[in-house]
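Subject: Structure handover

Hello,

Here is the structure for you to look through. My notes follow below it.

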Amino acid sequence: MKITAARVIVCCPGRNFVTLKLETDQGLTGVGDATLNGRELAVASYLQDHVIPCLIGRDPQQIEDIWQYLYKGAYWRRGPVTMSAIAAVDTALWDIKAKSAGLPLYQLLGGRSRTGVMAYGHATGRDIDETVDEVLRHQHAGYRAIRAQSGVPGLVKVYGVSTTGRMYEPADNTLPSEHDWDTALYLRHTPRLFEAVRLAVGDETHLLHDVHHRLTPLEAAQLGKSLEPYGLFWMEDPTPAENQEAFRLIRQHTTTPLAVGEVFNSIWDCKQLIEEQLIDYIRTTVTHAGGITHLRRIADLAALYQVRTGSHGATDLSPVCMGAALHFDTWVPNFGVQEYMPHSQEMLSVFPHDWRFDNGMLYCGETPGHGVDIDERLAARYPYQRAYLPVNRLRHDGSLHSW
Ligand code: GCO
Ligand code: MG
């Protein structure tokens with residue numbers, strides 16, 4: 001078999017997506033997601049200008065060799081742009097291999113380990129009452145795991161809280177919008193939020209919270225400790241993880257489980273966190289961590305240390321990523337949970353798919369491949385629109401802070 005053509009499709013059905021489609025001389029096609037929120041065109045160019053010329057004529061069955069060729073062959077290793085591009089190729093190649101075998105992708109990975117994939121949904125509100133209502137709405141919709149975020153009194157714009165009344169979208173402006181931040185206000189408010197949420201939902205529902213890299217290790221330790229009475233499923237990204245040692249300090253002081261890794265792009269980013277058992281869940285995704293081939297290596301390393309998976313699944317990952325992720329989750333032995341932030345109907349219509357959500361669980365389909373395609377004619381009706389993630393500044397003096 002030979003790869004005969006490759007196309008990068010950039011479209012914006014309500015938000016930007018970068019999709020790679022591969023064609024073969026045997027008529028089989030494969031699709032991969034390469035969306036890097038706020039930096040989409042960098043990956044599109046990396047694919048178009050640097051990767052695609054090397055793919056034409058290659059045997060798409062040689063997934064491992066192509067992965068190594070793109071990784072080692074670039075000389076410049078890792079980074080979100082490179083690894084998202086490699087991920088898109090890898091996902092499309094697994095799609096082709098599974099189609100040529102006539103099997104759903106999870107069968108190639110080793111078969112089904114579970115009947116369905118537990119999803120966690122996003123409950124956000126401008127204040128505690130609104131968040132509690134949203135958590136209950138999710139509970140009634142069948143979610144067993146719910147992430148709770150709320151506005152903080154005194155702060156105007158906070159991560160995760162929509163100001164427009166519509167569904168929250170992280171990339172919200174044609175230039176970065178500015179949020180404000182005050183750690184002391186947040187640290188006082190968050191235990192109150194979870195006290196109210198836990199009281200409302202009872203003991204059974206898993207509760208999650210995203211700190212979004214905003215605290216120092218000591219502040220994160222304090223927050224983790226103050227949330228212990230509410231039995232969180234996880235506290236996510238408590239502090240930036242460039243310095244993996246920072247998590248030792250958090251770990252020494254709290255038993256609140258920790259989840260990290262949505263911005264990671266290789267096994268090297270999580271090595272120390274996993275080997276020292278400084279985290280409980282690894283949040284790397286198919287799209288940003290080098291595809292199925294590399295994510296599998298990360299999950300296998302994590303399994304040695306009883307770290308479970310909790311893949312990133314915000315709306316900036318396309319329905320293609322979700323399809324591939326669900327096949328992965330259906331197989332991976334050390335599965336934890338899958339993030340699910342539903343796409344709009346407009347977004348879903350561009351990506352015909354066979355995965356589905358039902359009563360708090362996600363299910364991959366049984367069609368050969370990963371079960372997601374792109375409707376290129378429809379996609380062409382939604383041209384790229386520049387959009388950025390926000391930045392964050394300290395309320396008292398305007399210093400730039402992690403967003
Ligand atoms: C999450 C994430 C997202 C990111 C977004 C950035 O946990 O879902 O933190 O909301 O901010 O994916 O592009
Ligand atoms: Mg997050």
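Which ring does the charged end of arginine 58 sit over? The ring belongs to tyrosine 69, and the charged end lies 3.9 Å from its centre. Please keep in mind that this is a predicted model. Arginine 112 also has its charged end over a ring.

Aromatic pairs

The structure holds 14 aromatic pairs. Take phenylalanine 17 and phenylalanine 351. Their ring centres are 5.5 Å apart. Their planes stand at 90 degrees, and over 60 counts as edge-to-face, so this pair is edge-to-face. The two residues come from distant parts of the chain, 334 residues apart. Phenylalanine 17 is in strand S2 (residues 17-24). Phenylalanine 351 is in the loop between helix H12 (345-350) and strand S13 (356-358). Phenylalanine 17 has a relative accessible area of 0%, so it is buried, the cut-off being under 20%. Phenylalanine 351 is buried as well, at 0%.

A second pair is tyrosine 159 with tryptophan 403. The centres of these rings are 5.6 Å apart. The planes are at 75 degrees, so this pair is edge-to-face too. It also links distant parts of the chain, 244 residues apart. Tyrosine 159 sits in the loop between strand S5 (145-150) and strand S6 (178-181). Tryptophan 403 sits in the segment after strand S16 (400-401). Tyrosine 159 is buried, with a relative accessible area of 8%. Tryptophan 403, at 16%, counts as buried.

There is also an aromatic cluster. Its members are Tyr120, Phe233, Trp234 and Tyr281.

Magnesium site

Which residues are the protein donors of the magnesium ion (ligand 2)? They are Asp210 (OD), Glu236 (OE) and Glu262 (OE). Aspartate 210 is in strand S7 (residues 206-210), and glutamate 236 is in strand S8 (residues 234-236). The pair therefore ties together parts that are 26 residues apart in sequence.

Are these two residues buried or exposed? Aspartate 210 counts as buried, at 2% relative accessibility. Glutamate 236 is buried, with a relative accessible area of 0%.

Best wishes

Notes
Residues are numbered from 1 along each chain as its sequence is written. Chains are lettered from A and ligands numbered from 1 in the order in which they are written. This is a predicted model: local features need pLDDT of at least 70, side-chain atom pairs count only at pLDDT 80 or more; totals for chains, interfaces and linings use all residues. Side-chain values use heavy atoms; hydrogens and water are left out. Rings of Phe, Tyr and Trp (its six-membered ring) pair if their centres lie within 6.5 Å; planes under 30 degrees apart count as stacked, over 60 as edge-to-face and the rest as tilted. Helices (H or I, at least four residues) and strands (E, at least two) are DSSP runs, numbered from the N terminus. Buried means under 20% relative accessible area, exposed over 50%, partly exposed in between (1.4 Å probe, protein chains only). A charge sits over a ring if NZ of Lys or CZ of Arg is within 6 Å of the ring centre and within 35 degrees of the ring normal. Donors are N, O and S atoms within 2.8 Å of the metal (3.2 Å for Na, K and Ca); water is not among the atoms, so sites may look incomplete.
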